Amino acid sequence: MGVPEPSPSRPLRRRRLLRYGAALTVSCALAGYLVVRFGPDAQHARPGCEVVSADGGKSTYSFGADQAVNAATIAAVGSSRGMPERAVTIALATALQESGLRNLDHGDRDSVGLFQQRPSQGWGTVAQIMDPVYSAGKFYQRLDKVDGYASLPLTVAAQKVQRSAFPDAYAKHEPDAALLAAALTGRAAASLTCESTVPDGTGDPSAVRAALIRDFGAGVLPGAPEARQKATAAATTASPSPVEGTLSRGGAPARTRTVVVPVAGAGTAKDAKGAKAAKDGRRGWELAQWAVAHASVLHLSEVAYAGREWRASGTGHTWREVAADKGDGGAGGAKGAGGPADVRIVTAP
């Protein structure tokens with residue numbers, strides 16, 4: 001008859017239990033992550049955006065809603081400074097490398113912000129650099145001083161501004177940055193979309209106007225501040241909704257929630273297919289896709305321009321054509337990138 005093995009001591013049993021408990025905790029955490037990341041509600045838990053190339057969407061880039069807000073602001077600041085699309089591409093590739101298009105409050109040594117700029121190197125105070133409009137403006141200011149930057153390789157142009165320890169790292173972001181720049185400068189029409197449900201909480205038209213002025217400058221809404229406020233208020237109550245007959249959850253017409261952003265004047269029949277119409281169309285898509293990128297933070301439910309409409313709920317990755325509204329020359333007044341029209345931004349009820 002064999003001698004029975006001695007039972008484990010109490011300390012040994014405790015260590016085993018702790019190991020089993022730790023393993024169970026890790027397993028539960030992993031299972032929870034997989035449900036959130038890949039489960040049926042994953043898209044709603046993590047709303048995302050997508051930009052496609054102008055050549056029928058052969059190239060795509062997917063990114064988060066928070067990144068979309070920062071990318072749109074970087075592009076808008078460049079536009080407001082009269083910088084070309086190439087400059088916007090360089091800025092976006094730099095921010096992708098430095099911060100992943102996130103406004104970080106930390107970094108290497110004293111680096112902070114979208115571009116990981118350092119107060120000790122003369123970029124400004126921490127508070128200033130943490131303002132995306134300021135940091136993007138400082139980047140463009142220094143880029144503009146680089147002779148022939150538009151014809152330089154992107155890595156060279158970015159490095160002359162950033163003085164990075166890894167100058168070659170910017171190159172890998174150029175394709176994605178180029179897609180973003182084409183959409184956010186308006187050259188690639190209806191190419192940026194965001195998938196999300198209508199945000200919780202009521203949108204505020206005044207917050208939309210303030211964000212537009214912050215990113216593009218006061219000229220985006222013509223007139224002196226007082227006149228601009230009155231004119232915009234009148235437009236939001238007098239102009240029809242992008243979708244005729246749309247009602248809020250409370251039954252109020254959607255036009256009471258609409259911000260109308262004017263694109264350049266209507267022009268003449270002679271130039272309707274010429275350079276002026278093309279420039280107007282590009283400006284319109286720049287504003288419209290800026291709005292879609294900001295939909296999550298500004299609580300937007302619809303954006304419409306040039307006969308197409310984006311909705312936050314249900315068809316967030318689609319710009320669909322809508323019936324032309326011949327009466328107001330607005331959102332449904334023209335199709336495609338050409339043709340002047342107002343951009344209409346509808347806040348969530």
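Ala348 counts as buried, at 0% relative accessibility; buried means under 20% relative accessible area, exposed over 50% and partly exposed in between, with a 1.4 Å probe and protein chains only. Ala348 lies in the segment after strand E8. Helices (H or I, at least four residues) and strands (E, at least two) are DSSP runs, numbered from the N terminus. Between the C-alpha atoms of Ala348 and Leu300 there are 5.1 Å in space, against 48 residues in sequence.

The model is predicted, so that local features need pLDDT of at least 70 and side-chain atom pairs count only at pLDDT 80 or more, while totals for chains, interfaces and linings use all residues. Residues are numbered from 1 along each chain as its sequence is written, and side-chain values use heavy atoms, with hydrogens and water left out.

The chain has twelve helices and eight strands. Of its 349 residues, 45% are buried. Among contacts (heavy atoms within 4.5 Å) with a separation of 6 or more, 63% join residues 24 or more positions apart.

The sheet comes next. Five strands form an open sheet in the order E4-E8-E5-E6-E7, and their pairing is antiparallel; two strands pair if DSSP finds at least two bridges between them. Strand E4 (258-261) and strand E7 (320-321) stand at the edges with a single partner strand each, so one side of each has no neighbour in the sheet. E4 pairs with strand E8 (residues 343-347) in the antiparallel sense over four bridges. Two of the bridge partners can be named: Thr258 has Val346 of E8 as its partner, and Val260 has Arg344 of E8.

In a regular strand the side chains alternate between the two faces of the sheet. In E4, Thr258 and Val260 point one way, Val259 and Val261 point the other way, and all are buried.

Helix H11 (residues 275-293) lies across E4, strand E5 (300-305), strand E6 (308-311) and E8, and runs at about 170 degrees to E5. Axes here are lines fitted to C-alpha atoms, for helices over the stretch in contact, and angles run from 0 to 180 degrees between N-to-C directions.

H11 also meets helix H9 (residues 205-216): their axes come within 12 Å and cross at roughly 120 degrees. H9 and H11 are therefore oblique to each other, given that angles under 35 degrees count as roughly parallel, over 145 as roughly antiparallel, 65 to 115 as roughly perpendicular and the rest as oblique. The crossing of H9 and H11 is right-handed; a crossing is left-handed if the near helix is turned anticlockwise from the far one by less than a right angle, and right-handed if clockwise. H9 contributes Val208, Ala211, Leu212, Asp215 and Phe216 to the contact, and H11 contributes Arg283, Glu286, Leu287 and Trp290. By class, six of these residues are nonpolar, none is polar and three are charged. Ala, Val, Leu, Ile, Met, Phe, Trp, Tyr, Cys and Pro count as nonpolar, Asp, Glu, Lys and Arg as charged, and the others, Gly among them, as polar.

H9 has a further contact, with helix H3 (residues 65-80): the two axes come within 7 Å and cross at roughly 60 degrees. H3 is therefore oblique to H9. Thr73, Ala76, Val77 and Ser80 of H3 make this contact with Arg214, Asp215 and Phe216 of H9. Its residues divide into three nonpolar, two polar and two charged.

His294 sits in the loop between H11 and helix H12 (295-298). With a relative accessible area of 1%, His294 is buried. Leaving aside residues up to four places away in sequence, His294 touches Val69, Ala72, Thr73, Arg214, Asp215 and Leu300.

Backbone angles remain. Most residues other than glycine have a negative phi, and most peptide bonds are trans. His299 is not a glycine, yet has a positive phi of about 55 degrees. The position of His299 is in the loop between H12 and E5, and at 25% relative accessibility His299 counts as partly exposed. Arg109, also not a glycine, has a positive phi of about 55 degrees. Arg109 is placed in the loop between helix H4 (85-99) and helix H5 (126-129) and, at 64% relative accessibility, counts as exposed.
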